[in-house]
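Biologist: Please take one part of this model and go through it closely, residue by residue. I would also like to hear what is said about confidence.

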Amino acid sequence: MSSDGHEPTTMTFELLKTAVKDGGARLGRLAFPGRRTVDTPNFFGLTSRGVIPHVTPDNVEKHLHTNGTYMALEDFIERPQQNMTRPPPIYETPSPINKPLNSFTAMPSSIITVLGSRRLPAVSSPMGNTNQTVSVFTSTGFQAVTTKQYINAIQTLNPDIAIPLADLTHKTSTPTSKRALRMAERADDWIKEWFTEMYGPKSNKEPSKIATFAPVLPISYSIQWEYIERLSEEHASNPRVLSGLAVYDADLIPDVSTSYQNLDSLPRLALTTPSTPHQVLRQLSLGMDIFLLPFLSTASDAGIALSFTFPPPASESSGLLPLGIDMSSPEHSISLEPLTESCTCYACTTHHRAFVQHLLGAREMLGWTLLQIHNHAVLASFFASIREALADGTFEDKARQFALRYEPEIPQGLGERPRARGYHFKSEGPGEQKKNKPGWSKFEGEEGAKNIEEKVADLRIDDEQSGASGLGSGVDSVAETPLVPDENADAKDLEEKGFAEKVVEEEKK
C-alpha cells in the first residue's frame with residue numbers, strides 16, 4: 001500500500017530512514033501491485049531453471065520467508081539439437097494474468113519476479129560478448145543472445161523487475177583498463193536501446209510497466225561515470241524509465257550516491273554474491289537494499305543448517321560460534337532437538353535433527369527440502385533483526401558484536417551433495433574429475449574384490465566338506481550364490497542339469 005492508503009499501479013519505493021546522514025545502511029519499503037510488500041534491507045530467493053532448489057512452488061507460498069525470486073533467461077531458452085529453430089516453450093505459454101514467466105514456472109502470484117540474462121553466479125563463457133550479443137549458458141550449451149532478442153524476451157515474459165544486459169566477463173580476475181572501457185561503452189549503447197524500445201515514443205507497444213533496474217558495472221567509477229550520468233539524466237527527465245539499480249560492486253555505492261542525488265533514492269539490488277553474513281553486513285552498511293544469496297542454497301546442499309542470529313546470543317564462552325551446523329554428522333543420529341533452538345520454521349517445529357540426519361544419509365530429497373526451508377527462515381529472521389536495529393539506531397554496535405562472535409566462514413559440510421547438473425558447470429577439458437559419484441562401484445575397491453574371491457573359495461571348501469551340491473549352501477555359508485554351469489560343459493551336460501532344453505525342428509514337408 002502507498003502512503004495514502006491506496007494500492008500503487010506501478011512499483012514504489014519509499015526510504016524510511018538512513019543510519020547516517022551521508023548514506024550507509026537504510027530502511028525502505030518496496031511495493032508492487034498485487035505482490036507482497038518488501039521491507040528493506042531484505043533478500044530474494046535464487047532459482048535454478050525457474051524454481052528455488054528443493055522447494056516446490058506451493059511450499060514457497062506456505063513455508064519460505066521470501067518475497068521475491070531472481071530468475072535467469074538462460075535457464076529457459078535452450079535449443080534442442082533435433083529442432084534448432086523451435087521457439088522455447090516459455091514463449092508460447094498461455095497466461096491468464098499476462099505473466100508468462102509466473103505461469104511457466106508456477107511461481108505464486110504474490111512473489112515478485114526479477115529476470116536477468118545470466119544465473120548468479122554465472123558460468124564464464126569461452127565465446128565472449130560482442131557489440132550486439134551476450135553469450136549465455138543454456139542446458140544445451142553456450143549460445144549468443146542479441147540485445148533485440150533480450151528486450152523482446154523481457155516484453156514477452158513480463159517480469160516485475162528486469163535487469164538490462166551488461167557486458168560482464170564473469171571471471172574472478174579484474175578486467176584490464178581496455179576491457180573495462182569497452183564494458184562501459186557497450187553498457188551505454190545497450191541502455192540507450194533499452195530505454196528506446198521499452199519506453200520510447202518509437203516503440204510500437206504501450207510503454208512498459210516493468211521496473212528497470214539498470215546495472216552498475218564492477219569496474220571503477222572513473223571509467224563508467226558517463227554511463228551512470230546517462231542513467232541520472234534519463235531518470236531526471238522521466239522517472240518511470242528507471243526504477244532501481246542492479247549493483248555488481250558494493251564499493252561503488254558511495255561514489256554514485258554522492259555524485260547523483262536523484263539516483264540515491266532508488267532501491268539497490270545486490271548482484272555481488274556475498275559468501276557469508278559478514279559480507280552481507282558490510283555491503284548493507286554501504287547502502288545495499290536487496291540481496292541475492294547463493295550461499296543459502298549452497299549450505300542446504302552441503303547439509304548445513306544455518307544457526308547465526310543478529311545480534312549474536314550472549315555467551316560466557318570466549319570461542320567463536322559456528323555460522324551453521326553440519327546435519328549429516330553422526331552425532332545428530334539420536335538427537336531429538338530442533339535444527340536450532342530459537343527457530344520457529346516448519347522444519348524445526350515439526351521434525352528433529354535425527355530425522356534430518358537420517359534423510360541426508362539416505363539421500364532422500366526431503367532432507368534438503370527441510371534444510372532449505374530452515375535456512376530461508378534463518379535469513380528472514382536475520383534481516384528482520386537488522387531492520388529493527390536500524391530503526392532503533394543500534395545497528396553499528398550489533399554488527400560489530402556479530403563480527404567478533406561468529407566464525408568467518410560457513411562450514412563446508414561432510415555429507416554427500418545432491419546430484420550436480422550439467423548446466424551448472426562448464427567442462428574444464430581432458431582429465432577433469434566427475435562432479436557426481438558413480439551409482440555403483442567394486443565392493444571396497446580392488447582389495448574388496450580379492451576378499452570376495454577368497455570368501456567364494458572358502459564357501460566351495462565348506463560345501464565339499466558338508467556334501468552340499470550348491471555353492472554357498474553349507475552350514476558356514478554367509479550368502480546365497482546362484483548355481484552356474486561348468487565352463488567346459490557340452491550341450492548334453494547342460495540338458496541333463498537343466499540349464500538347456502533340446503529343440504527338435506519339424507521336418508519340412
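Modeller: Cys 348 sits in helix H10, which runs over residues 346-350. This is a predicted model, in which local features need pLDDT of at least 70 and side-chain atom pairs count only at pLDDT 80 or more, while totals for chains, interfaces and linings use all residues. Residues are numbered from 1 along each chain as its sequence is written, and side-chain values use heavy atoms, with hydrogens and water left out. Helices (H or I, at least four residues) and strands (E, at least two) are DSSP runs, numbered from the N terminus.

With a relative accessible area of 8%, Cys 348 is buried. Buried means under 20% relative accessible area, exposed over 50%, and partly exposed in between, with a 1.4 Å probe and protein chains only. Leaving out residues up to four places away in sequence, Cys 348 touches Pro 338, Leu 339, Thr 340, Cys 343 and His 374; contact means heavy atoms within 4.5 Å.

Cys 343 lies in the loop between strand E15 (324-326) and helix H10. Cys 343 is buried too, at a relative accessible area of 15%. Again not counting residues up to four places away in sequence, its contacts are Cys 348, His 374 and Ala 377.

The unreviewed UniProt entry carries the annotation "binding site" for Cys 343, Cys 345, Cys 348 and His 374. UniProt positions are given in the numbering used here, feature names are shortened, and annotations may be inferred rather than shown by experiment. The four span 32 residues in sequence, yet no two of their C-alpha atoms are more than 7.9 Å apart, so they gather at one spot.

As for confidence, pLDDT is the predictor's own score for each residue, from 0 to 100. The protein averages 86, and 83% of the residues score at least 70. Over residues 1-8 pLDDT stays under 50, and the model has nine contacts beyond four places in sequence for them. Residues 470-479 also stay under 50, with 20 such contacts.
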